[in-house]
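Please have a look at it first, and then we can go through a few places in turn.

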Amino acid sequence: MKNYIKAHEWNIIEEGFDPHLNKISESIFSLGNGRMGQRANFEESYSGETLQGNYVAGVYYPDKTRVGWWKNGYPEYFAKVLNAANWIGIAIEINGVILDLAQAKVEDFSRVLHMKEGYLERNFKATLSNGHQVQVKAIRFCSIADDEVGAIKYQIKALNFDGELNIKSYIDGDVKNQDSNYDEKFWDFVADDEANNSCFLTLRTKKSAFEVCTGAHISVQKNGQKQELAMQAIRQEKYIAQQFTVAIAKGDEVTFYKTAVNLSSQNYEPQQLLQAAKTVLNNAVAKGFDQLFAEQQQAWAKKWQESDIVIEGDVAAQQAIRFNIYQLFQTYTGADDRLNIGPKGFTGEKYGGSTYWDTEAYCVPFYLATAPQQVSKNLLIYRYKQLDKAIENAQKLGFTNGAALYPMVTINGEECHNEWEITFEEIHRNGAIAYAIFNYIRYTGDADYLAEYGLEVLFGIARFWKQRVNWSQAKSQYVMLGVTGPNEYENNINNNWYTNYLAVWCLKYAQEAATWVQQNAPQRYQELKSKLNFSADEFAQWQHIVEHMYYPYSEEFGVYLQQDGYLDKEQILVKDLPAAERPLNQKWSWDRILRSCFIKQADVLQGFYFFEDDFDFDAHKRNFDFYEPRTVHESSLSPCVHSILAAKLHDEARAYEFYLRTSRLDLDDYNNDTEDGLHITSMAGTWMSVVEGFAGMRVRNDKLIFNPFLPQKWKSFSFTVGFRGANIKLSISKEEIHIVNLAQKGLSLQIHDKEYELAAAEELKISNAVLA
Ligand code: BGC
């Protein structure tokens with residue numbers, strides 16, 4: 001755990017330069033706009049420890065799988081989001097000495113992420129080996145208003161010398177992924193171009209043949225005066241630079257404006273890429289840095305209006321929640337239904353930058369409440385478009401009749417995970433995709449989605465479960481053998497309660513959805529009936545499973561058992577584990593973990609989170625009290641679910657404790673892994689802890705319900721959620737709940753047990769309603 005980020009309500013601040021923390025800060029201060037993103041690397045040269053990272057969403061390389069023991073059905077490759085061309089580079093030589101913070105004396109260093117306005121700022125004073133001192137201020141952003149554009153304003157002031165700055169403004173595509181399986185580079189050179197102050201580099205990915213054209217324009221001012229300088233082109237392997245010299249005298253300040261664009265063949269024909277890049281770059285340059293910056297600030301202001309959470313009385317908590325919201329919107333904006341949310345977003349390479357069940361289980365609720373409806377709909381459509389691949393994937397494993405198994409990890413719909421216990425067995429992910437459809441419709445009321453897209457997906461998933469269970473003669477019930485639940489510290493187990501429960505729920509929901517489509521869109525129903533070739537008989541088979549599924553249960557503890565035989569394990573609690581033995585995944589052998597009772601993340605409790613209305617308060621309490629003490633929370637997805645359940649059980653202190661673990665996970669580097677990148681998908685869980693946990697927000701019977709409490713440390717908190725055309729701001733303090741309907745549409749809602757109607761633009765104050 002680290003504690004070097006300064007507390008501030010809106011900014012993330014690092015003061016002082018510690019090279020040992022650099023890779024962590026590169027992750028924390030990352031930038032992105034949904035289409036491209038990058039780690040907070042330096043513009044000038046840096047020879048110290050760094051993980052260089054620039055990423056273009058959806059552009060991947062199918063890296064050949066590397067496994068020790070090949071098993072039939074394994075995917076051939078792991079699709080990785082690629083480290084792409086570095087466009088930020090401005091190499092600076094001062095009277096022959098390279099400006100490099102690893103070689104210079106660095107003073108007054110600060111790195112600030114301005115979340116409200118959406119930009120990164122860096123300041124420092126450097127003394128070079130020749131004694132020359134410079135003062136630098138750099139501002140950079142990836143434009144959320146125009147997601148193909150990025151911009152830098154880099155100011156350098158000569159403090160004690162006269163002489164020359166020798167500058168190379170470059171695009172470097174000779175980069176590689178640190179996680180490359182065979183140490184290969186993934187890009188081939190296609191073309192470059194250069195004229196006046198602009199240069200371009202087009203690269204093509206090996207195998208997947210994506211082309212990306214990166215363009216950059218540099219302009220220079222000295223003491224506010226534009227400089228016309230002769231540029232010399234330098235070409236090296238997958239690298240192009242424009243080199244020039246600026247005379248500088250003591251006290252002079254030189255400013256470089258670097259504007260860059262990234263365009264990919266996902267959106268342009270390859271032969272038109274360069275021309276399109278020129279057009280986009282010219283337009284951005286014509287606007288100029290100040291206007292691009294103003295547009296960026298306006299776009300972020302709009303995002304914050306729809307999604308901000310304000311916490312009074314706890315700056316660290318305030319900073320953390322905004323950091324989580326900010327990073328989520330940097331990663332995914334919903335502009336393109338081919339894109340998704342990798343667990344590390346644009347902040348690192350781990351996890352391949354692909355899509356996991358994290359999206360449906362954790363991120364969808366966040367985007368449902370904080371962004372226009374189309375944003376979460378696009379996340380659903382992403383899976384709809386990959387249905388054929390999910391059916392192919394299931395076929396490879398021996399399933400038939402349109403059964404669909406969505407991958408555990410994917411970019412293009414094909415499975416990439418290659419650990420058999422997850423690839424073949426962690427099949428609960430399929431259920432999360434069905435659940436997201438249900439959740440989306442419950443929240444938005446857009447049931448038409450079922451007819452349009454949803455039902456086909458639900459059918460594929462239901463058909464999978466139908467074939468995945470088997471009838472046990474011994475039990476006279478259906479069982480599900482050889483699975484891995486969300487708790488990945490158990491593999492190849494039988495009857496994981498969560499998976500069995502989820503499978504049955506999917507079979508029920510698919511039937512309900514079919515009935516809805518039959519009644520509300522009869523023509524589409526007939527169309528789907530002939531396309532999917534289903535009959536009443538198939539529904540009857542599903543129903544038989546629904547009515548005869550086996551669920552492991554302990555009479556002794558009154559809890560659902562995580563799996564068959566769970567109680568045969570030695571029952572030790574986490575509190576009795578020596579601290580030196582944690583985290584278990586780093587300290588224990590895998591077989592020891594598998595034989596232990598310790599739980600990585602919510603498993604039975606994930607089921608209680610999804611299906612809370614199926615269980616009463618006492619059942620919640622018994623299961624929480626049984627499982628949480630056995631849970632090590634070694635997945636970033638774990639604390640948030642526990643926080644929400646603790647809040648429901650009125651255990652406010654625990655709810656807050658879990659919240660703290662999730663909200664500052666990366667800022668304080670709790671797990672010593674922030675340098676690999678941020679835990680983007682669990683950030684949505686942090687938001688859920690506040691809105692679903694502390695504020696107790698639920699949707700029932702087409703209505704928003706709140707059961708709020710105020711964490712003791714906070715004076716108040718408030719947040720905005722959109723719901724079916726209404727937009728409400730809820731402020732919760734000890735004294736009152738204050739609700740404002742910001743939209744032109746009324747809504748009815750429920751606070752604790754009371755119903756309220758809120759007309760357009762109306763306010764409501766409820767006193768003494770908060771459990772403090
Ligand atoms: C968790 C999974 C999750 C994955 C990506 C793993 O550690 O156990 O549930 O999908 O990380 O976030």
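Predicted model: local features only at pLDDT ≥ 70, side-chain atom pairs only at ≥ 80, totals over all residues.

Let me begin with Ser476, which is partly exposed, with a relative accessible area of 43%; by that I mean between the two cut-offs, since buried is under 20% relative accessible area and exposed is over 50%, with a 1.4 Å probe and the protein chains only. Residues are numbered from 1 along each chain as its sequence is written, and side-chain values use heavy atoms, with hydrogens and water left out.

Ser476 sits in the loop between strand E23 (470–472) and strand E24 (477–479), where helices (H or I, at least four residues) and strands (E, at least two) are DSSP runs numbered from the N terminus. Its phi is positive, near 55 degrees, in a residue other than glycine. Lys207, also not a glycine, has a positive phi of about 60 degrees, and Lys207 belongs to the loop between strand E16 (198–205) and strand E17 (211–222). Is Lys207 buried or exposed? Lys207 is exposed, with a relative accessible area of 56%.

Another loop, the one between strand E26 (559–560) and helix H13 (584–587), holds Pro583, and the peptide bond from Arg582 to Pro583 is cis, with omega near -5 degrees.

After H8 comes Gly445, with a positive phi near 80 degrees.

H8 also brings us to the second largest pocket, to whose lining H8 gives the largest share, six residues. A pocket here is an open set of points on a 1 Å grid over the protein atoms alone, with protein on both sides within 12 Å along at least five of seven lines, whereas a cavity is a set where a 1.4 Å probe fits but cannot get out; lining residues have an atom within 4 Å of a point. This pocket has about 740 Å³ of space, and among its 33 lining residues Tyr435, Phe438, Asn439, Arg442 and Val699 lie nearest its centre. Volumes are the space filled by probe spheres set on the points, which are joined across faces, edges and corners.

As for cavities, there are eight of 30 Å³ or more. The largest cavity has a volume of about 200 Å³, and of the 18 residues that line it, Ala57, Gly58, Val81, Asn340 and Gly353 are the closest to its centre.

Finally, which residues are around the ligand? Among them are Tyr351, Trp357, Asp358, Glu488 and Lys600, near meaning that a heavy atom lies within 4 Å. A polar side-chain atom of Asp358 is 2.6 Å from an oxygen atom of the ligand. For Lys600, a side-chain N or O atom is 2.8 Å from a ligand oxygen atom, and for Glu488 such a distance is 3.1 Å.

How values were computed. Polar contact = N/O pair within 3.5 Å; in protein donor to acceptor, adjacent residues only side chain to side chain.
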